[in-house]
Amino acid sequence: MSATRVSPGNRRRPRPPTQCRTPVPARWRPWLLDSGSLTERLLAASGGDLRVRVLKQHWARPRPDERRILTLGAGRRALIREVLLIGCGEPWVYARSVLPPDLLRGRHRFLAHLGERPLGGLLFRNPALRRRRIEVSQRPVPPLPGLEYRPAERAWRRRSLFHLDGKPLLVAEMFLPGFSL
């Protein structure tokens with residue numbers, strides 16, 4: 001798949017509460033706890049060489065923990081989007097977004113048709129966006145097409161519940177081993 005270059009446009013937002021059961025090393029805190037757009041931070045860190053590669057986008061039932069956070073019923077489906085954010089030619093971040101169907105009606109229906117445009121780059125330009133708690137954890141790196149990691153390799157991840165015009169969406173971002181601070 002090809003990847004599309006990301007364009008800049010930075011905004012800072014008030015910091016939401018953070019939930020983390022594992023102490024976060026100081027060098028990771030600015031990346032994991034920043035309440036602004038990760039896309040914009042990565043764009044700056046890459047000197048403008050940031051691309052988005054869509055791995056998968058499909059309608060499916062979210063995972064049980066995602067359904068609970070989004071308060072979706074067990075049988076409900078959502079649009080699930082999985083992408084890689086590639087900086088300077090290296091896969092830096094794996095992102096999984098869960099967008100319930102109610103969000104994708106009306107003026108936000110374009111979110112279902114982003115292609116290789118970054119979700120974060122569009123969300124953070126919307127003044128109706130509200131970020132709730134940021135959850136931080138370390139998780140095993142999932143198997144990703146074309147990428148090889150040691151089987152038990154763990155990476156830092158953050159997950160946030162957002163509300164856009166009062167409608168929820170969930171975004172999880174995992175910093176891959178190819179990302180260097």
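**Exercise 1. Count the aromatic pairs in this predicted model and characterise the pair of W31 and F175.**

Step 1. Apply the ring rule: Phe, Tyr and Trp rings (for Trp, the six-membered ring) pair if their centres lie within 6.5 Å. Planes under 30 degrees apart are stacked, over 60 edge-to-face, the rest tilted. The count is seven aromatic pairs.

Step 2. W31 and F175 are edge-to-face, at 6.1 Å centre to centre and 70° between the planes.

Step 3. W31 sits in helix α1 and F175 in strand β8 (residues 167-175), 144 residues apart. Helices (H or I, at least four residues) and strands (E, at least two) are DSSP runs, numbered from the N terminus.

Step 4. Check burial (under 20% relative accessible area, 1.4 Å probe, protein chains only). W31 is buried at 11%. F175 is buried at 2%.

The model is predicted: local features need pLDDT of at least 70, side-chain atom pairs pLDDT 80 or more, while totals for chains, interfaces and linings use all residues. Residues are numbered from 1 along each chain as its sequence is written, and side-chain values use heavy atoms, without hydrogens and water.

**Exercise 2. Find which residues the ring pairs link into a cluster.**

Step 1. Take W92 and F179: centres 5.3 Å apart, planes at 75°, so edge-to-face. W92 lies in strand β5 and F179 in the segment after β8, 87 residues apart in sequence.

Step 2. Check burial again. W92 is buried at 8% relative accessibility, F179 at 7%.

Step 3. Collect the cluster: W28, W31, W92, F175 and F179.

Methods:
Buried means under 20% relative accessible area, exposed over 50%, partly exposed in between (1.4 Å probe, protein chains only).
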